[in-house]
Amino acid sequence: MRIGLAADNGNWHKARLRAALESLGAEPVLFSLADVAVVTGGGEPLRVPGFEDRLPDGVLLRTIAGGTFEATTMRLGVLHALVASGVTVWNSPGAIERSVDKAMTSLLVARAGLPTPDTFVFSGRDAAAACVAREARPGAPLVLKPLFGSQGEGLQLIERPDDLPDEAAVSRVYYLQRYIARTDGLWRDYRVFVCEGRAIAAMIREGDGWITNVHRGGRPLPWAMPAKAAELAERAAAAVGVDYTGIDLVEDGEGGYLVLEVNSMPAWSGLQQVTEVDIAGAVARGFLNAVRAVRPPRLVAALG
Ligand SMILES: Nc1ncnc2c1ncn2[C@@H]1O[C@H](COP(=O)(O)OP(=O)(O)O)[C@@H](O)[C@H]1O
Ligand SMILES: [Mg+2]
């Protein structure tokens, strides 16, 4: 099997995934999506570093690398072209698009009937201001999130219309969500890692404020995940169609959970500190299973 591992930054994750793939007998070629080119006029126009002669059978994506709207669009196009050529891509470009766009994630999670905080998305400041006037008040704010945000960056609490930044500051999309207060005085929520449809590991994240991302200083703590949290995370992963994912959950104050986020490029170094489960191993195994599922071993060739 010809396997590519697409990763840019994050040496820890890259090394873990590479070792896990190798321990399962694959020989991954590391490349960055930023180095894929399209060249027409002779041969395969998609030029993937390390696969110039023939496209890979599978690509495991750790990151698609940030950049401009144009660069991201091209990278997603490259992934779609790989899928169209029969290459197994984990996570699929469709799944990445659905989860990177927080509005689409909210829509899909809500449509699947899963509990999630009420969410309001508008493309203009007037509509957003009217929503804030209707839905928020001091002490009961809305959370404004960047549509493509990650790592807890750029979140703001909005209590009144005047708190809203101007359109340029939010790239003209206001993603607003009801703020869920923690009830026990601790800044805690939960991360569940789902792979191949199953919740395989989870942790509590405890922050010094309401944003608990590990990147923002949130501390991973072991968590004996209740069955209903596992089930909700698995259903959220299915709703968005992600093969491996980190799902953020928060307590609803009534003994249940709400889905906060579905990540298609999750980091798991924090989670790995508090779980026995080998996460990179599970991702590598699931991915290779998926590659093999579309390429059953050629018995005839083996016998011949
Ligand atoms: N509606 C909310 N109510 C309370 N806290 C929230 C809410 N949304 C997000 N948070 C906090 O902010 C963190 C980051 O939000 P999230 O939606 O996961 O975006 P990101 O992509 O930046 O991780 C969450 O893990 C949680 O701690
Ligand atoms: Mg998150």
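Is Glu231 buried, partly exposed or exposed, and at what relative accessibility? Glu231 counts as partly exposed, at 44% relative accessibility, where buried means under 20% relative accessible area, exposed over 50% and partly exposed in between (1.4 Å probe, protein chains only).

This is a predicted model, in which local features need pLDDT of at least 70, side-chain atom pairs count only at pLDDT 80 or more, and totals for chains, interfaces and linings use all residues. Residues are numbered from 1 along each chain as its sequence is written, and side-chain values use heavy atoms, with hydrogens and water left out.

A salt bridge is a side-chain nitrogen of Lys or Arg within 4 Å of a carboxyl oxygen of Asp or Glu; the count comes to 16. The table gives three of them.

| Pair | N to O distance |
|---|---|
| Arg160 and Asp163 | 3.7 Å |
| Arg219 and Glu206 | 3.5 Å |
| Arg235 and Glu231 | 3.9 Å |

Arg219 in strand β13 (residues 219-222) and Glu206 in strand β12 (residues 198-207) are 13 residues apart. Helices (H or I, at least four residues) and strands (E, at least two) are DSSP runs, numbered from the N terminus. Arg219 is partly exposed at 34%, whereas Glu206 is buried at 15%. Arg235 and Glu231 both lie in helix α6 (residues 227-240), four residues apart.

Salt bridges with shared partners join Arg182, Asp189, Arg191, Arg205 and Asp248 into one network. Asp248 and Glu261 are both buried.

Note on methods:
Chains are lettered from A and ligands numbered from 1 in the order in which they are written.
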